[in-house]
Amino acid sequence: MKSVMFLNGPNANLYGLDPSGTYGTDSFPQIEAACTARAEELGVRLEFRQSNHEGVLIDWVQEARQSCDGLLINAAGFSYTSIALLDALLAFDGPIIECHMSNIWKREPFRHQSFMSKAATGVIAGLGVKGYLLGLSAMAELIAADDTTD
Ligand code: DHK
């Protein structure tokens with residue numbers, strides 16, 4: 001069975017709690033449950049994780065090099081600041097899909113350039129949790145096409 005890691009960066013644990021609704025109304029546990037259900041449908045093993053700490057995210061990307069066929073990441077605020085996280089992603093061999101709940105290009109200019117995109121196979125933004133599920137479906141296709149692992 002193929003394995004996928006889905007990493008979520010700082011403050012993602014607060015999704016659904018923000019009264020402005022930028023990140024939708026689903027709580028983080030609800031988002032995780034939806035992704036887990038989609039992964040089951042797709043027949044892929046999913047590691048869904050969240051951290052507020054840059055080094056922890058980097059350690060997880062490095063762990064994924066050993067254990068996962070594909071990586072999805074919403075690096076949240078670290079998207080625009082962390083060359084170190086970009087470097088970790090660049091050292092990952094498989095496909096990477098960068099996800100954002102919101103359309104970052106419709107927002108403040110400081111959110112318009114994600115360093116993560118340099119390492120990403122593709123980027124999904126602005127579709128909320130639907131984008132996460134689409135990302136998982138796309139990832140399942142990408143890793144199925146790579147039959148060097150099973
Ligand atoms: C999430 C965040 O926490 C922000 O820092 C990013 C991203 C956007 C999102 O849309 O999921 O700017």
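Colleague: How far does a polar side-chain atom of Ser-102 lie from an oxygen atom of the ligand?

Modeller: A polar contact is a pair of N or O atoms within 3.5 Å. Here, a polar side-chain atom of Ser-102 is 2.5 Å from a ligand oxygen. Tyr-80 has a side-chain N or O atom 2.6 Å from an oxygen of the ligand. For Asn-74 the distance is 2.8 Å.

Modeller: This is a predicted model, where local features need pLDDT of at least 70, side-chain atom pairs count only at pLDDT 80 or more, and totals for chains, interfaces and linings use all residues. Residues are numbered from 1 along each chain as its sequence is written, and side-chain values use heavy atoms, without hydrogens and water.

Colleague: Which residues are around the ligand?

Modeller: A residue is near a molecule if one of its heavy atoms lies within 4 Å of it. Among them here are Tyr-15, Tyr-23, His-100, Met-101 and Arg-107.

Colleague: How many residues of each class does the shell have?

Modeller: Asp, Glu, Lys and Arg count as charged; Ala, Val, Leu, Ile, Met, Phe, Trp, Tyr, Cys and Pro as nonpolar; the others, Gly among them, as polar. The shell around the ligand has 6 nonpolar, 4 polar and 2 charged residues.

Conventions
A polar contact is a pair of N or O atoms within 3.5 Å; within protein, one must be able to donate a hydrogen and the other to accept it, and residues adjacent in sequence count only if both atoms are side-chain atoms.
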